[in-house]
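Trainee: Please walk me through this one, starting with whatever term we need for the core.

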Amino acid sequence: MPALPTFTHIAHDDFVAAVHTLADAVRDGGWTPDFIIGIGRGGLAPAVYLSHATGLPMLSVDYSSQVEDFAEAPLVRLAERTRAGEKLLFVDDINDSGRTIGHIRKTLAQAGATAAVLRFATLIDNASSAERVDYAARTIDRRDTKDWFVFPWEAVAPQQSLAADAAQVPDRIA
């Protein structure tokens, strides 16, 4: 049986500090989104907190569910909003492989989104990810950091569930 990864729990206070770091970066960046978009499932809690920290309204896309009406269809509607000039900040917990952000960018582009009004923010950004983000509270490099990060909202999950999630991406934790 393979060894369990190193689970690194992120304390609630550290999470809140990371949200404030993102809020400051957005405020100081000279670009203000019309909406914060939480990427479900891991980006929902950070997006809610960031919405409160900035006073900006929040919407969500449930990418993790892979249910068309809640994953792809909202992205098509959001692409329409960008063509009307609305600026969107997508928020996720971690940019690890880049798969989620890449999929969202590709889907938005296929739906005719205006790329210049899109930004991405994560609590943790992997420097060796296939995708780049515009705002990150912390940067790691998966070539060196193999920990599996457990965010406060995941702390209630059984360890078996966390291990199963981590096992789906062994190249990032081995």
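Mentor: A nonpolar core is a set of buried Ala, Val, Leu, Ile, Met, Phe, Trp, Tyr and Cys residues joined through side-chain atoms within 4.5 Å. Buried means under 20% relative accessible area, exposed over 50%, and partly exposed in between, with a 1.4 Å probe and protein chains only.

Trainee: And the ground rules for the model?

Mentor: This is a predicted model, where local features need pLDDT of at least 70 and side-chain atom pairs count only at pLDDT 80 or more, while totals for chains, interfaces and linings use all residues. Residues are numbered from 1 along each chain as its sequence is written, and side-chain values use heavy atoms, leaving out hydrogens and water.

Trainee: How many residues are in the largest nonpolar core?

Mentor: That core has 22 residues, and those with the most contacts inside it are Leu50, Leu89, Leu123 and Ile124. At least two of its residues come from each of α1, α2, β4, β5 and β6. Helices (H or I, at least four residues) and strands (E, at least two) are DSSP runs, numbered from the N terminus.

Trainee: Which element gives the largest share of this core?

Mentor: α1, with six residues. There is also a second, separate core of 18 residues, which includes Phe35, Ile37, Ile101 and Ala113.

Trainee: Back to Leu50. What is leucine 50 in contact with?

Mentor: Apart from neighbours within four places in sequence, leucine 50 is in contact with Val19, Leu22, Ala23, Ile36, Leu89 and Val91. Contact means heavy atoms within 4.5 Å.

Trainee: Is leucine 22 buried or exposed?

Mentor: Leucine 22 is buried, at a relative accessible area of 2%. This residue sits in helix α1. Leucine 22 and alanine 121 are 99 residues apart in sequence but 7.4 Å apart in space, C-alpha to C-alpha.

Trainee: On to the sheet. What is the strand order?

Mentor: The order is β3-β2-β4-β5-β6, an open sheet of five strands with parallel pairing. Two strands pair if DSSP finds at least two bridges between them. β3 and β6 (135–140) are at the edges with a single partner strand each, so one side of each has no neighbour in the sheet. On average, neighbouring strands are turned by 25° against each other, direction ignored.

Trainee: What does helix α1 touch on the sheet?

Mentor: Helix α1 (residues 12–28) packs against β4, β5 and β6, with its direction at about 125° to that of β6. Axes are lines fitted to C-alpha atoms, for helices over the stretch in contact, and angles run from 0 to 180 degrees between N-to-C directions.

Trainee: How many bridges hold β2 and β3?

Mentor: Four, between β2 (residues 35–39) and β3 (residues 58–61), in the parallel sense. From β2 the chain passes through helix α2 (residues 44–54) to β3, a right-handed β-α-β crossover. Right-handed means that, with the strands pointing away from the viewer, the path from the first strand over the helix to the second runs clockwise.

Trainee: Last one. Where is aspartate 96?

Mentor: Aspartate 96 lies in the loop between β4 (88–95) and α4 (99–110). Aspartate 96 counts as buried because its relative accessibility is 8%.

Trainee: Which side chain does aspartate 96 pair with?

Mentor: That of arginine 142, through a polar contact of 2.8 Å. A polar contact is a pair of N or O atoms within 3.5 Å; within protein, one must be able to donate a hydrogen and the other to accept it, and residues adjacent in sequence count only if both atoms are side-chain atoms.
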